[in-house]
Amino acid sequence: MTNNGIINIGNYNTNTIVNEINFEQIAKELEILRKYYDDKSLKEALKQVKNKDKNKLINCLKKFSKEALDIIKKLSLTALQKLIDRNLF
């Protein structure tokens with residue numbers, strides 16, 4: 001006798017939202033951005049990434065100019081762009 005049934009084991013609900021920040025990746029992308037755009041708020045954001053302070057980092061990102069946001073998009077700095085989109089817009 002053969003059994004043609006399918007057994008599902010586990011939780012397949014993978015649509016969970018992760019609010020963790022990859023500070024190492026953000027630091028790398030901020031350093032790349034620093035080559036093309038240098039600003040006081042960018043320097044402060046780099047300090048907050050090194051301190052791993054999420055709230056102060058987001059406050060620094062709020063101070064970025066429209067020019068900085070355009071450069072982030074043009075350079076395809078995806079981790080930084082996702083962080084900005086998730087927390088500012």
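**Ground rules.** I am working with a predicted model, in which local features need pLDDT of at least 70, side-chain atom pairs count only at pLDDT 80 or more, and totals for chains, interfaces and linings use all residues. I number residues from 1 along each chain as its sequence is written, and side-chain values use heavy atoms, with hydrogens and water left out.

**Overview.** I looked up the elements and found 5 helices and 0 strands in the protein chain. Here helices (H or I, at least four residues) and strands (E, at least two) are DSSP runs, numbered from the N terminus. Read from the N terminus, the order is α-α-α-α-α. Of the 89 residues, 28% are buried, meaning under 20% relative accessible area, with exposed being over 50% and partly exposed in between (1.4 Å probe, protein chains only). I noted an accessible surface of about 7000 Å², 48% of it belonging to carbon and sulfur atoms; the areas come from the Shrake-Rupley method with a 1.4 Å probe. Among contacts (heavy atoms within 4.5 Å) with a separation of 6 or more, 55% join residues 24 or more positions apart.

**Helix 1 with helix 5.** I checked the scale: under 35 degrees is roughly parallel, over 145 roughly antiparallel, 65 to 115 roughly perpendicular and the rest oblique. The axes are lines fitted to C-alpha atoms, for helices over the stretch in contact, and angles run from 0 to 180 degrees between N-to-C directions. On the helix 1 side I list Q25, I26, E29, L30 and L33, and on the helix 5 side T78, A79, L80 and L83. By class, this contact has 6 nonpolar, 2 polar and 1 charged residues. For the classes, Ala, Val, Leu, Ile, Met, Phe, Trp, Tyr, Cys and Pro count as nonpolar, Asp, Glu, Lys and Arg as charged, and the others, Gly among them, as polar.

**Helix 1 with helix 2.** Next I looked at helix 2 (residues 40–51), which packs on helix 1 at about 160° with the axes 10 Å apart. That makes this pair roughly antiparallel. From helix 1, F23, I26, A27, L30, E31, L33 and R34 meet L42, K43, A45, L46 and V49 of helix 2. I count by class 9 nonpolar, no polar and 3 charged residues here.

Is A45 buried or exposed? At 0% relative accessibility, A45 counts as buried. Leaving aside neighbours within four places in sequence, A45 touches L30, L57, C60 and F64. I also noted 8.8 Å between the C-alpha atoms of A45 and A27, 18 residues apart along the chain. Q48, also in helix 2, is buried at 7% relative accessible area. Beyond residues up to four places away, Q48 touches D53, K56, L57 and C60.

Most residues other than glycine have a negative phi, so I looked for exceptions. K52 has a positive phi of about 55°. I find K52 in the loop between helix 2 and helix 3 (54–62), exposed at 54% relative accessible area. S76 also has a positive phi of about 55° without being a glycine, and S76 sits in the loop between helix 4 (66–74) and helix 5.
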